[in-house]
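Subject: Structure handover

Hello,

Here is the structure for you to look at. My notes on what was found in it follow below.

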Amino acid sequence: MLTLALRKNRARVRHWVWLAASCKFLVPVSLLIALGSQVEWRKAPVVVPTKVSVVMDVVSGPFAGAAFAETLPAARNPLPGVLGSVWACGFMAISLAWWVRWRRIRAAVRGGLAVELGIPIPAVCSPTFFEPGVFGVFRPVLLFPDGIFDRLTPGQLDAVVEHELCHVRHRDNLAAAIHMFVETVFWFYPLVWWIGKKMVEERERGCDEEVVSRGGEARVYAEAILNVCKLYVESPLACVAGVTGWDLKKRIEGIMARRVAARLSFGKKVVLAGVGTVLLVVPVVVGVMHGQSATPSSLKFEVASVRPTGEDAAGSATKMPRGGGRDGGGARLEEAHRRINLENINLFGLIVQAYGIRGCRPRGEGACPLLAGGPDWMRKDGYTIVAKIPEDAPDQTLTQLYNGHAPEVQLMLQALLAERFALKVHRITKELPVYALTVGKKGPKLKTSDGSKTSDGKPRPPMFRASVGPDGVTMIKLVVENGSMQDVVDLYAKFLDRPGVDRTGLKDRYEFTMDYEANSDAPGPFTELVGPSLFKAFEEQLGLKWVATKGPVEILVIDHAERPTEN
């Protein structure tokens, strides 16, 4: 559209517009948006919390290892590798073709005899069938085919030389080399090759306009072009600017018509500058606004106090008591009206709660592959945090926060971490060992829920219930009422030694119970929740199977964190 609006102006203007369009491929919009998103209008990136449905009173102690699941090779998608190989083959093929043609012309230039023409650049005459052309980007040489001085009249030769000097003055070889690189990288995109043809068209038309405007006789110039076309072969490289490029008939008609192209008016200069600015600035602004929209500036606690306890928070239990109280540990989550109290909680636990990271223990014991980086003290230093939730925020409890159903409170915690702990994070995806919940060979043994077992018909997170069997053996009962398979996976994610993923493909909600023997042989608190009997019970009672495999896992990476200052 822009080149159509400039069709009555000089061809050189349109040539630069097409060159700008070509260069735009080297600076994709996504990169400009990404640059804009890095503008520090926010304290830390906010990620919509993952829903983790776990209902229990105590969470502590890592599970040492679960080598009870069947190993399944990780499923890999071959498409990216195939597409990458196809692109690499195209890139190498086009690069090789350019290189072979360039060597041919370079050999012709090196084997030529110097010719003195009194022009600003060296000229050589070589026994080649190529048309006259300028070879080289930064040190151009004018290459003539052998015998051309005898086949063109002096006037025609002067017109050809003037045409080639025009290419030199406007650095057309450099522009063509840039676009050749774009064509090599984006060889699969037809638009790139079409832009290349338009660049050659406007380049040659621009030189024609300049030769005629400098006083060249139109008829002599046109005859020179026709004679060169009859006697010699067009240059094999766009970056060796010759005489015979583009549509010969249209060029001759334009030369003979001696059309006078209008100079660029001030208004059109402003429009061009505006369009260029918009193309560069708008993606950056989008990135900035995206970063700003991710800022939890409107979701902050009214008042928040952060005080170090001076205790080691890694060794204490984490509890959500129903009516307050303490559980012999030191880390306490206490509910009050629109206020939360977190006693002796470490930075690790705060991050796990704020970003809804399933598969990580809130107090940081054991390995947690889903959270990477961070200082050593974030698992040790304890803090007491008291925060007031704004009156206009939805009513949410700490139980909802722990289960991942309090997104507003989680965003407020993220804002608190960014402000008081100078926390900066980003997310990556990495291939890791996982436990995948899959459907067994005989299919699932599950009952679809109609929501009647819950008072409000809403999803209810699954829960554990402990009991004693007839032989005095401790039993674990898994109770699921109107729950999903993802809820079940999330429930066990914190107790397995690797992340859990749902690969059952079951999208309904279900109600069922499952009984299995507690793993009393494993040391550590709550390691009885998982063990050999768990995997066996899933397969026999539910028709589901835990499989040890690999898969893509999202990881939260801590870039920076500081100890908070005193209030």
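**Cysteines**

C89 counts as exposed, at 56% relative accessibility, whereas C125 counts as buried, at 14%. Here buried means under 20% relative accessible area, exposed over 50%, and partly exposed in between, with a 1.4 Å probe and protein chains only. The count of disulfides is zero, a disulfide being a pair of cysteine sulfur atoms within 2.5 Å.

Before the rest, some notes on the source. This is a predicted model, in which local features need pLDDT of at least 70 and side-chain atom pairs count only at pLDDT 80 or more, while totals for chains, interfaces and linings use all residues. Residues are numbered from 1 along each chain as its sequence is written, and side-chain values use heavy atoms, with hydrogens and water left out.

**Strands**

Helices (H or I, at least four residues) and strands (E, at least two) are DSSP runs, numbered from the N terminus. Two strands pair if DSSP finds at least two bridges between them.

Four strands make up an open sheet with mixed pairing, in the order β3-β4-β6-β5. β3 (113–115) and β5 (133–135) are at the edges with a single partner strand each, so one side of each has no neighbour in the sheet. On average, neighbouring strands of this sheet are turned by 40° against each other, direction ignored; axes for such angles are lines fitted to C-alpha atoms, for helices over the stretch in contact, and angles run from 0 to 180 degrees between N-to-C directions. Within the sheet, β4 (residues 123–126) and β6 (residues 141–145) run parallel and are joined by four bridges. S126 is placed opposite P145 in β6.

Seven of the ten residues of β16 are buried.

β18 (residues 510–517) is also joined to β14 (residues 447–448), by two bridges in an antiparallel arrangement. There, T448 has Y510 as its bridge partner.

Helix α15 (residues 485–493) is largely enclosed by the rest of the structure, because eight of its nine residues are buried. Among them are M485, L491 and Y492.

What does a search of the whole structure find in the way of aromatic pairs? The search finds 13. Rings of Phe, Tyr and Trp (its six-membered ring) pair if their centres lie within 6.5 Å; planes under 30 degrees apart count as stacked, over 60 as edge-to-face and the rest as tilted. The rings of W187 and F188 are edge-to-face, because their centres are 5.9 Å apart and their planes at 85°. W187 is partly exposed at 23%, and F188 is partly exposed at 48%. The rings of Y492 and F538 are also edge-to-face, with centres 5.7 Å apart and planes at 75°. Y492 lies in α15 and F538 in helix α16 (residues 532–542), so this pair ties together parts that are 46 residues apart in sequence. Both residues, Y492 and F538, are buried.

One aromatic cluster is formed by F25, F186, W187, F188 and Y189.

Finally, the charged end of R498 sits over the ring of Y435, 4.7 Å from its centre. For this, NZ of Lys or CZ of Arg must be within 6 Å of the ring centre and within 35 degrees of the ring normal.

Regards
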